[in-house]
Amino acid sequence: MKYLNIQTHMNASISGFTFIRNGVNLGFPFEASIRSLLPLVDEFVVAVGQGSDETLERVRAIADPKIRIIETLWNERMTDRGFVYAQQKMIAQYSCTGDWAFYLEGDEVVHEAELAAIRSSVDRHHANPAVEALVFDYHHFYGSSQWTAISPGWYRRECRLIRNTIRSYAPDGQYWLVTSKHKRGRNPHAALANAHIYHYGWIRRNEAMQKKLDQVSKYWAEEQATVIKYSQFDCRALAPFKGTHPQAVQEWLALEAEQVLTIDPHYKPSRKENKYHFMQQIEAITGLDFSRKHFKLVA
């Protein structure tokens, strides 16, 4: 499959990066994720952890000269609040050489129709040091590629592109903190990327999703992982998806993802889900956004 290569008149260079381990066994669309970003970046650094499946071979098989693979060994004794994910993320980012670093998780994909908008956002803000990162809107798919989670319990925006010339680190892999001399870490100062991240982690097949949750619980020192049943969910937190999916993920959707979502009509929302639904109602009235944010918009 061919993708548009928009690398012309670039002023600022962009590195893509990610980390992955046992991505095949855990059902990650990591190949689609990498391929979706390749037309935009000058290089793509992939930290591949030593695992038990063919993840490394599949990354190599993408066979793009922009890809640089770093083979890593995870610290299995690091069970404090997901810090092992932060370690792996930063191994990849610290190997990036671009002016900006674009982080995609193994279940996140960008749409080919929005690559030009992302490039434009980088060009527009590159000369303004007050903008340290770019923030993307999210499509969180749940149970099926036809449904998205819209509750404030799901982050609606997140930084995925950050200047690679500032001091930043990831405390748990999900987000960044920026530091300066003698000061504590703070959220990046950001502008909107005017583009989306398509998040497919919650539509992988039930068995693969359970394996992923089992792994996450280990690195977060949780005694027991959440048992995933897509049918047990608050339908008030869902909305039909009316857009199109990126080309890069179409094959994975057809072969690997849950395609039908049936919510249990007898399911009783939890106390937390009822709280989020109440917040959602207040949002609809006031226009406020109560979802969690790891950034401060400055432009």
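What percentage of the 299 residues in the chain is buried? Buried residues make up 52% of them, where buried means under 20% relative accessible area with a 1.4 Å probe, protein chains only.

A word before the views: this is a predicted model, in which local features need pLDDT of at least 70, side-chain atom pairs count only at pLDDT 80 or more, and totals for chains, interfaces and linings use all residues. Residues are numbered from 1 along each chain as its sequence is written, and side-chain values use heavy atoms, with hydrogens and water left out.

View 1. Helices (H or I, at least four residues) and strands (E, at least two) are DSSP runs, numbered from the N terminus. The C-alpha atoms fill a box of roughly 55 × 50 × 40 Å along the principal axes.

**View 2. Strand E2 covers residues 43-49.** Seven of its seven residues are buried. On one side of E2 sit Glu-43, Val-45, Ala-47 and Gly-49, and on the other Phe-44, Val-46 and Val-48.

**View 3. Strand E1 (residues 14-20) runs parallel to E2.** Six bridges join the two strands; strands pair if DSSP finds at least two bridges between them. Here you can find Ile-20 opposite Val-48 in E2.

**View 4. Helix H3 (residues 83-93) is mostly covered.** Eight of its 11 residues are buried. Among them are Val-84, Tyr-85, Ala-86 and Gln-88, and Lys-89 and Met-90 are buried in H3 too.

How values were computed
Buried means under 20% relative accessible area, exposed over 50%, partly exposed in between (1.4 Å probe, protein chains only).
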